[in-house]
Amino acid sequence: MTKMTLTLLASAAIIGTGLSTPAAARAVAAPVPTAAEEAAVLDLAMKEIAIRSVRGEANRTPEVAALVRDRLIAAGWAPGDVVITRRGETATLVATWAGTDRALKPLVLSGHMDVVEAKRADWQRDPFGPVVDNGVLFGRGATDMKFDGALLVSAVIDLRAHGYHPRRGIVIAFSGDEETVMATSDALAHELKNADLVINADGGGGTFADGTDTPLYWLWDGNEKAYADYQLEVTNPGGHSSEPRPDNAIVQLAQALVKVGAYQFPAEQNELTKPWFERAAAFEADPAKAAAMRAFAANPHDAAAAAIVRADPDLVGRAGTTCVATLLSGGHAENALPQRARANINCRIFPGHSREAIMAELKTVIASDVVKITDVTDGSITPPVTPLRADYVVAAEKAIRAAWGKDIAVIPNQASGGSDSMFYRALGVPAYNASPVFTRRDERFSHGLNERVRLVNIKPALTFYFNLIPDLTK
Ligand SMILES: [Zn+2]
């Protein structure tokens with residue numbers, strides 16, 4: 001999952017700037033999490049972290065699935081309603097809680113059980129030996145996303161225990177290779193393509209004010225950019241390096257790469273990125289950058305504003321399609337003319353464009369007969385733009401404010417990385433990434449070392465789901 005980073009303005013006012021009406025932000029009666037329910041979240045998260053669910057020969061993802069299944073069955077799910085499907089070395093879990101109105105399409109609560117590889121020697125502690133230290137849980141998956149998964153499962157179990165009866169069915173759907181090849185993600189989306197809506201806990205999330213446990217703002221992802229790899233290749237008969245030819249494969253490839261490096265795809269915005277720039281500007285410490293963000297939101301064709309936005313790695317991904325050179329190889333001997341030179345161009349495509357269209361644009365930019373361009377993208381798809389669902393937007397804003405008992409700035413976002421949600425969106429199912437977990441800016445270690453999460457999140461995150469899930473299924 002991708003979490004955004006912003007330079008925070010520590011004194012920024014915490015203001016409600018949501019899409020919903022202020023009245024919708026008011027909390028309604030939802031269960032208050034008990035101490036035992038909070039403890040169950042931590043227990044499940046720690047047990048999951050202890051299971052090394054990493055791609056490879058010793059992949060233990062099916063054991064994570066079994067752990068979750070056992071919890072659900074103990075809480076009243078019929079064994080036949082919790083289906084673990086082995087898929088190669090990994091597995092998926094689909095748990096169904098039928099609604100009282102069978103005609104309604106289900107709400108899918110999505111997540112993944114696998115984690116990114118972590119090496120004991122690189123970490124301060126064993127990444128698969130979860131530890132709580134001073135209110136912070138450490139371990140691989142603490143943020144991406146076993147803690148989030150434990151919250152989701154526990155919240156649904158608790159709602160059932162509190163006597164809630166959903167009108168719309170609720171399906172927990174956990175994939176088993178989201179961090180690598182996403183084959184199970186694709187399979188699950190096809191299996192559940194009849195869903196009304198997908199809430200994915202693997203993305204979005206909140207930010208605490210620096211050094212505190214005070215929420216500053218909360219993001220949810222309504223879409224994500226598509227991933228693409230294009231190979232550029234120049235081949236040549238080659239020859240002896242003492243007899244150079246006018247055409248040289250390495251030089252020709254280099255000329256193409258310089259053009260790609262200098263090219264900027266058109267600036268764009270949509271119904272997610274426009275409000276993101278407007279609202280995130282309030283938390284930006286640099287006044288010039290904040291002004292550029294607001295100006296870009298007002299007019300993406302404002303050249304001065306676009307130049308500042310595009311020069312900033314935190315912002316450029318939200319301003320349009322980006323393509324960069326990421327791999328380079330060529331030649332076969334010090335004293336031979338190169339017979340082959342190759343480069344990889346990695347693109348993050350703004351929603352609404354096909355991979356074919358972006359490749360055609362690159363071809364025009366390179367404008368060379370000798371540079372062959374091939375789409376070598378592995379396993380990615382280009383989802384259509386997901387429309388914003390007003391019922392989701394209202395419910396999510398209400399839930400996050402109920403969680404913390406106060407107004408919190410809510411910022412819709414378009415992620416630059418990918419998640420399971422893209423497979424649902426590709427099939428026309430709206431999917432929103434909406435983790436209720438808050439992190440401090442200097443404690444974001446998803447995919448990295450010494451991953452951690454603050455346990456102060458447990459009670460508000462359960463409260464978030466106690467509000468959100470009934471609002472979307474009652
Ligand atoms: Zn993830």
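Predicted model: local features only at pLDDT ≥ 70, side-chain atom pairs only at ≥ 80, totals over all residues.
Let me start with a parallel pair: strand S8 and strand S18, the latter covering residues 438-440, run parallel and are joined by three bridges. One of the contacts to look for there is Phe 208, whose bridge partner in S18 is Arg 440.

Strand S8, residues 205-208, pairs with strand S9, residues 215-224, in the antiparallel sense over four bridges. In that pairing Gly 206 stands opposite Trp 218 of S9. How many residues lie between S8 and S9 in their hairpin? There are six, and Gly 211 in the turn has a positive phi of about 75°.

Next, the open sheet. Four strands make up this sheet, in the order S12-S14-S10-S15, and the pairing is antiparallel. Which strands stand at the edges? They are S12, residues 322-330, and S15, residues 372-375; each has a single partner strand, so one side of each is left without a neighbour in the sheet. On average, neighbouring strands of the sheet are turned by 25° against each other, with direction ignored.

Now look at the pair S10 and S14. Strand S10 covers residues 226-235 and strand S14 covers residues 340-349, and they pair in the antiparallel sense over 10 bridges. To find your place on screen, take Leu 232, which stands opposite Ala 343 in S14.

Two helices pack on this sheet. Helix H5, residues 249-262, touches S10, S12 and S14, and its direction makes about 15° with that of S14. Helix H9, residues 355-366, touches S10, S12, S14 and S15; the direction of H9 makes about 40° with that of S10.

Finally, the whole protein chain. It contains 12 helices and 19 strands. The C-alpha trace spans about 80 × 50 × 50 Å along its principal axes. Why does the radius of gyration agree with that of a compact globule? For 474 residues such a globule would have a value near 23 Å, and the protein chain has 24 Å.

Buried residues make up 54% of the 474 residues. The accessible surface of the protein chain comes to about 18700 Å², and 55% of that belongs to carbon and sulfur atoms. As for contacts with a separation of 6 or more, 81% are accounted for by residues 24 or more positions apart. That is all from me.

Definitions and conventions. Residues numbered from 1 in each chain as written. Heavy atoms only, no water. Pairing = 2+ DSSP bridges. Axes fitted to C-alpha atoms, helices over the stretch in contact; angles between N-to-C directions. Contact = heavy atoms within 4.5 Å. Rg over C-alpha atoms; globule rule 2.2 N^0.38 Å. Buried < 20%, exposed > 50% of the residue type's maximum accessible area, 1.4 Å probe, protein only. Areas by Shrake-Rupley, 256 points an atom, 1.4 Å probe, with all protein chains shown as cover.
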